[in-house]
Amino acid sequence: MADYPLTQLGTTQFEHMTQALLAAVVGALKVKVYGAGRDGGRELTTQAPFELGDGSTWGGYTVAQAKFIARTNTPDTNAAWLKRQIRSELRDWCDPKKNRRPKPDNLLFITNAVLSAVPGHGVDAVQEVFAEFPQLDLKNTAVWHYDHVCRLLDQHPSVRHAYAGLLTTGDVLTQLHRFLTGEALDVGESMRVHAAKELVAEQWLKLGSVGNAPNERLRLGQVGVDLQATVGMPVPFKTPTNRDNKTFNAGTVEVARYLLEMGDAVLRPSLSKHGGSHSHHVRVEPHLVLVGGPGQGKTTLGQLVCQAYRAALVDDLASLGPAAEVVTTLQQHLRAGDLPTPAMKRWPLRLELSKYADVLGGSPETSLLRHIATLISDRAAENITASQVKTWLQSWPWFLVLDGFDEVAAPQVREAMIDRINDFLIDAVHADADLLIVATTRPQGYNAEFDESNYKHLFLKDLSSVQAADFASKLAGVRLADDPDTQRNVIDRVKEAAEDPLTARLMRTPLQVTIMSLLLENRPRVPQDRYGLFAAYYHTIYSREMAKTTPTARLLENHQATVDEVHEQVAIRLQVAAEGRKADAALPGADVEAITMRILLREQVDEREAHRLAGRIAQAAANRLVLLVPKHLDDVGFDVRSLQEFMAARAITSDRDDDETVVQRLRVTALSSHWRNTWLLAAGRIAAGRRRLIDRVLALIDETPGAASYLDRYVRASAYLALDLLDDRFAAPSPRVDQLLLDKGIRCLEVPPTRAVGPAAASLQRASVILGSLATAVISEAAKNALAAGPPQQITALLTLLWWSAGTGGLATLGRQRASDLPTVLGENQSEALEFHFVRTSAVEQDTTVTIRRSNLDEYLKPGPGNSGLSAEDEVSLTQLLDELRACSVEEFGSERVAIVPDPPTINPEVVDAALSRAPVADYLAARMLALTPQQWGVASAIAEICRRWIQQRRVGQLLQI
C-alpha cells in the first residue's frame, strides 16, 4: 500500500488518470470517456454493471466526474470545498436550462482531496449533499477520495505504471521498487545512475569553456535560455481537417517550456485506443522536430531540457557526489529563468546522430535500441542489452533527443537512419511506451524526412535585438561577476551594437551573441560581417591561450601559422569525411601529427625538428589546441560545428592559393546543403580580404554545375544560393551587390513548387524589410508575374504569397490581397488539387468521387518505343530511374484532370545520381517536363523536388583538392 502524490498530476492529468482508472475497474470497452472542455458534467459514462469496491454492484446509467484540488488543506476544509463542488454539479443536473441528458441513475465523484474517516465527518459529510436533491432520484452515489484512489492504484498496476513518472516523489529508487518489478527494476536502477552521470558530464556550455581556465567555464544552467519558435509545417491553405483555415498562422512558443509541458502528459498509446477524451487530448503529431540554423541553439535547448529531467529524476541522490551539487545549482537557475520543474520524471537521453550514422555506415541494420544499449554500457558498470533497454522503454516514460540530423549528409546513411528510427517507433508502440522524441536539424538540406503525421515541427526564430541584448547581459553577469566595471561596459557596447543595423544582423543567434559578448570585453566594437566575427573570436581565443603559463603557450606563440593551418586542415578533412559515411566529427591524433608534418616539411623545416614539433602539436591537440578539443580516446575535433565550418572556410580560401583555385573550390561546393554554411563564411572572407573576387563570386551563381542545363529551368538551385548570400549580407553595404543578388534570387518564383518555397519566401520577406521599398516593389512585381504565368509557377507564387500573408510589411499586405481566396485565383478544381498535393493526402482516401485516374509517376516521363534518342548506357540509367519513380503514385483529379502526387517522392539516391549525372538523361528529363501540360503541375513539382534533393546532397568534397 502506498500514498501517491496525486496533487502534482495537475487538473488535466488527474482527469485522464481517473478515466483510465475507472476504465480499468469497469472494463475499457464498456465505458465512454469525454474530452477537455464542456463535458456536461461527465468525465466518463457507462451502462455496464460493475462492482464499486465495497461489495456493492451498480447497474444502469453511471456518470463519473473528477474534482481536482490544486492545494490540499485540512480534511475538514477539503470536505467543505468538495461539498461546494458537488452541490454545484447537482444544481446543474436539475437546471432545465443546462439540458443535461440523459439523467444518471448513479453519480460518482473522484477527487484527490484528503477526507477524514471519522464517522459523521469527511466522506459521510460529503455524502449528505446528495440528499439535498431528491428530484434527481439517484439510485446510487459515491465519492472516491484520495485514500480510495490510492488503493485502486495499488490494485491496478497498468494504470499505476502508465502514470509512474508523475506519481513518484522523494526517493525515486524506493519508488522504483513500488512501481517496477523483476528485470525492469534492475534496469531502472542502472538507468537512473546513468542519468546522474550524464547530468555531471553535460553541465557545461561547450563554447563557454573555450579560452577559459577550468574554473571559469560556464554552466549550462547559468546561461541557458529559452528560445522562441513557430509551430507547424507550412501548410498555408485550408486542409481536409480544417477547411476554414485558409491562411497559415502558426503560433509562437517558448521551446523549453513547451517541451516540458508536453512531457508532463502521459503519452502511452493504450490511453488513446478507446476514443473519448483520450482521443481528444493525444496529439496528432506525438513527437517533435526542432529546426534551426547554425548556432541557433538547437543542441543547447535539447541539452537544457535533458538536464531538467535528469535533475528531477536524481534530485535525492546526495550520495552520488558531484551530481548533488549540479542538481542544486541547476534547479536554482531553472527557477530563476522561470522554467517549470518537470512533474513527469521522464528518463532523458540525448543521442548524437552523427555517432549513430557512423555505426550505420558500417552496419546499416543496427537498431536504435541496440545503439542506445551500447552507449549506456559505455558509462555503466555492467553491460546493458538491447532487450533490457526495451524493457525500460516499456516500463518508464522517456524523453529522447535525436540531435543533429543535418550532420548526416550521406543520402544512403540518412535513409537507413530514418528506417531504423521508424523501426524504433514501431517497437515503442508495441511496448506501449510513454515516449516523447525531439529531433533537431538545420533547415538546409532538410526534406521533411521526419514524417509530419508523427512529428510536429518547431522552427526556431531569430533573436530580436531586445532578446539578444538580454542574453548578452546574462552572459556578462556570469562571466564578469567579479568585475562590475567591465560587465557594465560590455552591456553598454552590446546595446550600442544592437542599434547599428550592420552589427544588429549579427545578433540573430545565441552563438553569435556569445561570441560578440566575449569580444566586447576587450574591444569597443565588433566586426560588421559574420566571417569577421568568427575570425576575431579565433584571434581572441588564440591570444588568451598564448597568455597562459603552460607549455603549449610558447608553442602557439612561435608557430602560429602552422597551428592556424592545422586547424584549417583538420576542419576541411572532417567536413569532407562527413559527406560520406563518417559523420562523427573527429580525427585520430596520428592524422593530426601527419598533417602537421606535411605543413612543416613544406616549409623546409629540418625533418628531425619537424618530427619533434609535429608530435608536440598533436599532443597539445589531444588536450586542447585553441579550438581543437579531445573528442574520444585518441581523436580530436571541434566542440562547435560552426567553428569547424569557419576553419573549413579558411581552408577553401587559403591565402596560399591563387584566385582561380579558390573560385573553383567555391564553384564545386556552391549548391551543396552540407557545405552551405562553410560556403557563406568563405564568401564572407573573400568580401573582407579579396574584394577583387566579389564579382567572380556573383558570377558563380550563374556558373554553378548544371546552371546552364535545361533541367535547371525546373530547379533554379542557384537562386536559393543568391538568397542565402543576400540573407548573409554578402559584401554589405553595397546596394549594387544587393540588387544583383535580389535579381538572381527572385528566379525562385519561376519554378514548380517544392519544399524550398517556405524558406525562399521568408528570405524574400527579410530582404524587403532590410533593403526597403524599392526591393519590395521588385519582389512584388516578380510575384505578380509568376501568378499570371499559370501552373506550375502560379502555384509557387500562391504559396509564397500565403507565406507572406502571415507576416508584416508590404509583402504581407500583397499576400493578403492576392491570396485570400484560393478558389477565386485558381478555380475550385485546382484549389482542391493543391490541397491534396501538399497536405500529402490522397483524394482516393478522402472518398472523393472526382478522381478519375490513378497512375504512377514514371508514366508521365517514359518515352515511346525507341524514341528516347539515348545511347544504350544512358537508356539503362533512365530505365532504372523510371523504375524507381513507378513507386510514386499520381492521381488525375477532377474534371480538369489535374495531376497530383499525394505521397512524397522518396527514391534511391544512388539511382538518381547515376541518371542525372548523365547530361543526355538530364536533357531528356527536361524535355519531358517541358511537354507537361499546366494541369500536370503536380508531376513537375514532384520531379523538381527530386532534382533539388539530388543537387543538394551530391558529394562534392572530393573535388576540392586541398
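Five strands form an open sheet of mixed pairing, in the order E1-E2-E5-E6-E7; helices (H or I, at least four residues) and strands (E, at least two) are DSSP runs, numbered from the N terminus, and two strands pair if DSSP finds at least two bridges between them. Strand E1 (31-33) and strand E7 (140-144) stand at the edges with a single partner strand each, so one side of each is left without a neighbour in the sheet. The twist averages 15° from one strand to the next, with axes fitted as lines to C-alpha atoms, for helices over the stretch in contact, and angles running from 0 to 180 degrees between N-to-C directions.

The model is predicted: local features need pLDDT of at least 70, side-chain atom pairs count only at pLDDT 80 or more, and totals for chains, interfaces and linings use all residues. Residues are numbered from 1 along each chain as its sequence is written, and side-chain values use heavy atoms, leaving out hydrogens and water.

**Strand pairing**
- Strand E5 (residues 62-67) runs parallel to strand E6 (residues 106-111), joined by 6 bridges; Lys67 has Thr111 in E6 as its bridge partner.
- E6 also pairs with E7 in the parallel sense, over 5 bridges, and Phe109 stands opposite Val143 in E7.

**Helix packing**
- Helix H1 (residues 10-26) packs on the sheet and touches E1, strand E2 (44-46), E5, E6 and E7, contact meaning heavy atoms within 4.5 Å.
- The direction of H1 makes about 145° with that of E5.

**Confidence**
- The protein chain has a mean pLDDT (the predictor's confidence in each residue, from 0 to 100) of 86, and 88% of its residues reach 70 or more.
- Residues 235-249 have pLDDT below 50, with 42 contacts beyond near neighbours in sequence in the model.
- Where pLDDT is low, the predicted coordinates should not be read in detail.
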